[in-house]
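Dear colleague,

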Amino acid sequence: MKIHEKYMRRCIELGKKALAFSAPNPMVGSLITHQGIIIGEGYTSKYGGPHAEVNAINSVADKSLLKEATLYVTLEPCSHYGKTPPCADLIITNNLQKVIIGIQDPNPEVSGRGIKKLKEAGCEVLVGVLEKECRRHHKRFLTFQEKNRPFIILKWAETKDGFIAPIADWRKTKPEPYWISNSYARQRVHQWRSEQQAILVGTNTALEDNPRLDVRYWKGTFPIRIIIDKTLKLPIDFHIYDNSTRTIILTKVKDETKYQEGLQYEIIDFEKNLAEETCRILFQNNIASVLIEGGALTLATFINAGLWDEARIITGDTVFDTGTKAPHIEGQPVDIEIIGNNTIKTLLND
């Protein structure tokens, strides 16, 4: 079993390479061994491209070795036609006799069918190697499949005395950014943005900050921008209207003459739980992960509804004395990172 765990850890490492571009597909990692030597590796391509198992098999120089080789993969090979043919069929066609799987796929179109197909073809199949680690690795995909909502990460920066923004009068008398996080922490945030499928802010944050919600401080894919704008009050010259990336506006306004070209508008019921309504729309749009960056009211809405999975809190050494209080949250601390004069704490909602 230990040798299986060794190779499965490598599969997880490979899968992480697909973090920024595989969504909404899972970031699967796979490798192939022959007589204790890795002869092929692969991970999920950009959405619509080959899956990890296909890339691993294609990377093997001498295909004649496959009939005596073992394939390792973090998630059950698919058994249905989607954007690409079934991976289970390719494994069978190449006469691989042994397949080691991290976790079974909860997707109803797959769930157990890939394993069954492999076994019926005579493959020896072992499931559950490093199961806990593989579930953690596939947290976005599993949350989407099992809870019918995206994996939700909350993020905010707070001062040493517990505020996320100064009082409104400060902005009126001195209209400039009041940075809490340092430039290196802001770069880390842009990295996080590149790793999630979408980023969301509320109306007040958009009005006060006119954010771009991009990854200009990091090389990576722009996330889908999600803006809550109940009455469409945001000015049309704001950055969110620049068509640089897909942008979805959550609103109650059904009058399409008020819609801006190039944007996607989704109607939600603001009389219902806003967090649940937002999750419903994101799920319908096949969005598997979202980074919620504020503001205070939007963050509190998701916290109060218990609809969050991770919270990433940046604490700076700035002091405001007064202003908008930082959200109160309880969770299990799993990581603390020090970046200059900033501390980043990550909590899990267990």
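The following paragraphs describe what was found in this structure, which is a predicted model.

I begin with strand β4, which spans residues 98-103 and is mostly covered, as five of its six residues are buried. Two strands pair with β4. Strand β3 (residues 70-75) runs parallel to β4, and five bridges link them; here L75 has I103 of β4 as its bridge partner. Strand β5 (residues 124-127) is also parallel to β4, joined through four bridges, and V127 in β5 stands opposite I101. Together with helix α4 (residues 113-120), β4 and β5 form a β-α-β unit that is right-handed.

The largest nonpolar core contains 34 residues, and M8, I32, L71 and L96 have the most contacts inside it. Among the elements that give two or more residues to this core are β1 (29-34), β3, β4 and α4. Helix α1 contributes the most, namely five residues. M8 touches, leaving aside residues up to four places away in sequence, a set of residues including Y72, I101, V129 and C134. Another core, of 29 residues, lies apart from this one; L200, V290, A311 and L347 are among its members.

Helix α8 (residues 183-195) holds a residue that deserves attention, E195. E195 is buried but has no salt bridge, and R312, the nearest side chain of opposite charge, is 4.7 Å away. Residues up to four places away in sequence aside, E195 touches L19, R140 and S289.

Most residues other than glycine have a negative phi, and most peptide bonds are trans. Against this background, the bond between A23 and P24 is cis, with omega of about 5°; P24 is placed in the loop between α1 and β1. The peptide bond from G294 to G295 is likewise cis, with omega near 5°, and G295 is found in the loop between β12 (289-292) and α11 (296-304).

Which residues have a positive phi although they are not glycine? One is L232, at about 55°, and another is N243, at about 60°. L232 lies in the loop between β9 (224-228) and β10 (247-251), and N243 is likewise placed in the loop between β9 and β10. L232 is buried, with a relative accessible area of 17%, whereas N243 counts as partly exposed, at 46% relative accessibility.

Yours sincerely

Note on methods:
Residues numbered from 1 in each chain as written. Predicted model: local features only at pLDDT ≥ 70, side-chain atom pairs only at ≥ 80, totals over all residues. Heavy atoms only, no water. Buried < 20%, exposed > 50% of the residue type's maximum accessible area, 1.4 Å probe, protein only. Lys, Arg positive; Asp, Glu negative; His and termini not counted. Salt bridge = Lys/Arg side-chain N within 4 Å of Asp/Glu carboxyl O. Contact = heavy atoms within 4.5 Å. Pairing = 2+ DSSP bridges. Right-handed = clockwise from strand over helix to strand, strands pointing away. Core = buried A, V, L, I, M, F, W, Y, C linked by side-chain atoms within 4.5 Å.
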